[in-house]
Amino acid sequence: MGEFVLRRVLWVIPVIVTVAAVTFFLMYRAPGGPWDRDKELPAATLRSLNARFGLDKPLWVNPDEAAVRWQEGDRNPLWIARGYLDGRFPNYMIGVFQGDLGPSYASKGAENVQDLIARKFPVSAKLGLVAIIFAVVVGVPLGVIAALRQNTWVDYLSLTMSTVGVSVPTFVSGLLLLLFLSQTFSYSPIRSPEQWAGFGPSYLLPGIVLGLGTMSYIARLTRTSMLEIKRQDFVRTARAKGLNGQAVVNRHMLRNALIPIVTILGPAAADLVTGSIIIESIFGAPGLGREFVESIAKRDYSVIMGTAVFYAVLVAVANVVVDLSYGLVDPRIRFGR
Amino acid sequence: MVQDQTVSRPAPPIAAPVIPTAPATPAVPATPTLAGALTTRAPRSLWTDAWRQFRRNKLALLGAVYLVFLFFVGVFAPLISPHNPVQSDLQEAGRYRQAAWIETDDPSSTGTWSYPLGTDGNGRDVFSRLVYGTRISLVVGFIPMAVIMLIGIPIGLLAGFAGGRLDNTLMRVTDVVYAFPALLFFIIMQISFGDTAFGELLNGLVLLFITLSIINWTGVARLVRGQTLALKEKEFVEAARASGSDSVRLVARHILPNTLGTIIVAGAFVVPGAIIAEAVLTYLGIGLRPDVNLDAPFPTSWGQMIQAGQAAYRNQAWLLIAPSLAVAGITLAFTFVGDGLRDALDPREQF
């Protein structure tokens, strides 16, 4: 058990390395640079900007820097080795593991990417929280009711809703909902920055739209597993003992039916991350997703890289937590051999 | 290897992890006389059974019919569309003519049936653009799926059957792919290659095919691998081996046919994913670029129309509604078909 947990947790490291490396090299070879402006910057300015952000360094290793450090007289092998590794790629990778994602070029280095993430992510996290709460609080009862009233209109209604929710992408349903609300109720998604500051009603609509897909998936999953459990022997036994229906549903069926739902929380994390990129842009929420989209337009490569790495870490960690929680939720699942 | 599978990604405990479909082709063909003696009706193959099951599902049938309809719309787009999808009608430019059934006080923007869904800001017919947009959605959905299958199935079979280093590598790669949200990777690929000569091939379609394939083959490979692992322990494979089949024959004749059901179901869910990815990327402005040639075969996509529609929906709501409904319709149709196929081909894998 302990070994499994350790292995599972440590596996996150190569995943992060791979994601960061892939992102780095794709961005490295992307055409255009962070200093592309309508009016070309003078060569001297470019040189000083590049020097300031270490963009003039070699890609892999930097023997010159090692030589300089050697000549300065310091013989500490770690110090020399770090000089040898003073290339752009090693620097970036070392930075990632120190939580340093480099400066945001669009801000001319005034803000680091990790600070930008810290500033923007809370809005996204709050949206994600609303989405998850909505998904579970609506999805589970919808699935349970559908399964208990199988093949009635309630079942068909819930099934139709969840099928639509699973298949229609949130950016389409979000846009259509926004259009509908703005035409019938003159609803406007525009909010002042103060309204996003706390945890106010501004989060309600975008959060719900963000959670639509997960909610529908949970509803479908709950329905399927409830239907399966309905026919189990232990449910019949519980009923035969004379327990009332409510107790059988709550204590015997639901408890078992909810186990599979834990399994989708990992993929759901990835869904919410990618969903928030679109939803925040549609609803104008000042979160990390919208920042990501804006940094694409600004060609702010360090923000694009940093955000991608951050999201990948988030999803990887969510997957680990979900994997580890199986054993807690369902004692029948044992880790290891 | 079995242990590895349960540990790295435990399947939902209620549904058994990997359940092969019933063998499609019995290892030793039953002699017709024996079959005839035992049953009065002709033996039905898995595929006949699946088709009967599929037909019973009305929604799946509806979805399939709709997809066939879209296929013909795409093929015969020039005959269906009343106007050229790229050419601006200068008379209409900037007027945002409404959809045909919406009447306004202004005669220059009130609906008319010569523009069934109205016009966009450049005076182009929305209906014609919608019809042509079908082409991109279908191409973007099916071509990557074909590539994914061509890569994923052989690798999955090989990894599952031979095991060893290839199997380990495959599992590690899929682990990384699981952690990297697909849309993020697509975005980064588009930024990195979008402005190169290669990225501009066919307005970015080629790059999009490659991007979509790179990520998605791993899912299919993993699925096929799991099936192969389970199938190669089955008695009918053992029997075939005992009667002298070599590995190639074992895989090609006995294992592959039995994974086809799962593969087809997976394919039905890969296609809408690719269609959505194209729409999202283009909506973000980093997917396909608009074509200005009057006789372009792929002039626009629904993603582009949604992007344009969002900017102007206050002037002309159907600019946004029409392409949104089109995307919603095609993804819904694929879900219906996919659900139907799963019930028909993979009866025990309910989710």
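Predicted model: local features only at pLDDT ≥ 70, side-chain atom pairs only at ≥ 80, totals over all residues.
**Exercise 1. Compare the radius of gyration of chain A with that of a compact globule of 337 residues.**

Step 1. Take the radius over C-alpha atoms; the globule rule is 2.2 Å times the number of residues to the power 0.38. Step 2. For 337 residues, a compact globule would come near 20 Å, but chain A has 26 Å. Step 3.

Residues are numbered from 1 along each chain as its sequence is written, while chains are lettered from A and ligands numbered from 1 in the order in which they are written.

**Exercise 2. Find which residues of helix α13 of chain A are buried, and what covers them.**

Step 1. Call a residue buried if 20 or more other C-beta atoms, placed from the backbone, lie within 10 Å of its own. Step 2. In α13 (residues 245-257), Val249(A), Met253(A) and Ala257(A) are buried. Step 3. Their cover includes α11 (204-230) and α12 (233-240) of chain A. Helices here are DSSP runs (H or I, at least four residues), numbered from the N terminus.

**Exercise 3. Describe the side of chain B that touches chain A.**

Step 1. Contact means C-beta atoms, placed from the backbone, within 7 Å. Step 2. 42 residues of chain B are in contact with 49 residues of chain A. Step 3. α13(B) gives the most to this side of chain B, with 9 residues.

How values were computed
Contact = placed C-beta atoms within 7 Å. Helix = DSSP H or I, 4+ residues; strand = E, 2+ residues; numbered from the N terminus. Buried ≥ 20, exposed ≤ 12 C-beta atoms within 10 Å, placed from the backbone.
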